[in-house]
Amino acid sequence: MRSIKLIIVFLVFFTEVFSQTADTIISSINLNLKSLNTKDTSNTCTITMNSRSVYKDVQMFGLKDSTVGFFKDEKSGRLKVSDIRKIKFNAKGFWKGALYGAGAGFLTGLIIGISGGFDYNVGGSSSHTGSFGAGFVGGIIIAIPFGLIGGGVGSLLANDHLYDMGDYSFIKKRSLIYTLIKEFPDY
């Protein structure tokens, strides 16, 4: 009886290990990343398989008939399209918000400086005559804190992009993966 239990435990363990590694073929060959066109890769994403395997921070490339390639840290592999359950792209809201905030801050400082609102004469007479140079310096000075504030707001408002393909047919999964690799906008 005890040997039967050991055999059952061994079989359960073996099938679980096998199911975790059967959906992918990982290659330890270093990729020549210079030969790989970056327009043919997706943004960094997390792929969850039907067998509960998770591939974090990978880029997809090379969609074939039934498999899609992925790489991370110069290692590549192939995943079966039919076994992919979810693909999640992490939001990149900080830099977009920082760009908007810095742009708004620079324009505000430029307008105030041109209109004569900044007084750089500490001990002398205040002339309050605006110039483009004063506006440019004021714009740079104001752009930094506005950019940081905009980056913080952008991080708070950004949403991850999750594609749950659990109920999709093979053709629909393949079409979505093709779109994510070729035409997905940079978030």
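Two strands are taken to pair if DSSP finds at least two bridges between them. Helices (H or I, at least four residues) and strands (E, at least two) are DSSP runs, numbered from the N terminus. By these terms, strand β2 (residues 45–49) and β6 pair in the antiparallel sense over five bridges.

The model is a predicted one: local features need pLDDT of at least 70, side-chain atom pairs count only at pLDDT 80 or more, and totals for chains, interfaces and linings use all residues. Residues are numbered from 1 along each chain as its sequence is written, and side-chain values use heavy atoms, with hydrogens and water left out.

## Overall make-up

The protein has four helices and seven strands. Read from the N terminus, the order of the elements is α-β-β-β-β-β-β-α-α-β-α. Of its 187 residues, 29% count as buried; buried means under 20% relative accessible area, exposed over 50%, and partly exposed in between (1.4 Å probe, protein chains only). Contact means heavy atoms within 4.5 Å. Among contacts with a separation of 6 or more, 62% come from residues 24 or more positions apart.

## Strands

Strand β6 also pairs with β7, in the antiparallel sense over four bridges. Ile84 in β6 is the bridge partner of Met49. Leu162 in β7 is the bridge partner of Lys88.

## Aromatic rings

A pair of aromatic rings is described by the distance of the centres and the angle of the planes. Rings of Phe, Tyr and Trp (its six-membered ring) pair if their centres lie within 6.5 Å; planes under 30 degrees apart count as stacked, over 60 as edge-to-face and the rest as tilted. A search of the whole structure finds six such pairs. Two of them are tabulated here.

| Pair | Centre to centre | Angle between planes | Class |
|---|---|---|---|
| Tyr55 and Phe70 | 5.2 Å | 45° | tilted |
| Phe89 and Tyr163 | 6.3 Å | 85° | edge-to-face |

Tyr55 belongs to strand β3 (residues 54–61) and Phe70 to strand β4 (residues 67–72), 15 residues apart. Tyr55 is buried, with a relative accessible area of 11%, and Phe70 is buried at 6%.

The rings of Phe89 and Tyr163 are edge-to-face because their planes stand at 85°. This pair links distant parts of the chain: Phe89 is in strand β6 (residues 84–89) and Tyr163 in strand β7 (residues 161–164), 74 residues apart. Phe89 is buried, with a relative accessible area of 2%, whereas Tyr163 counts as partly exposed at 22% relative accessibility.

Ring pairs also link Phe106, Phe132 and Phe136 into a cluster. The charged end of Lys172 sits over the ring of Tyr168, 4.5 Å from its centre; the test is NZ of Lys or CZ of Arg within 6 Å of the ring centre and within 35 degrees of the ring normal.

## Helix α3

Helix α3 (residues 132–157) has 26 residues and should span 38 Å at 1.5 Å a residue, the expected span being 1.5 Å times one less than the number of residues. Its end C-alpha atoms are 35 Å apart, which agrees. The helix bends by about 30° at Ala143, and Pro145 follows within four residues; the bend at a residue is the angle between axes fitted to the seven residues ending there and the seven starting there.

Buried residues of α3 include Ala134, Gly138, Ile142, Ala143 and Gly150. The buried residues of α3 pack against α2 (93–114). Ile149 also lies in α3, but at 56% relative accessibility Ile149 counts as exposed.
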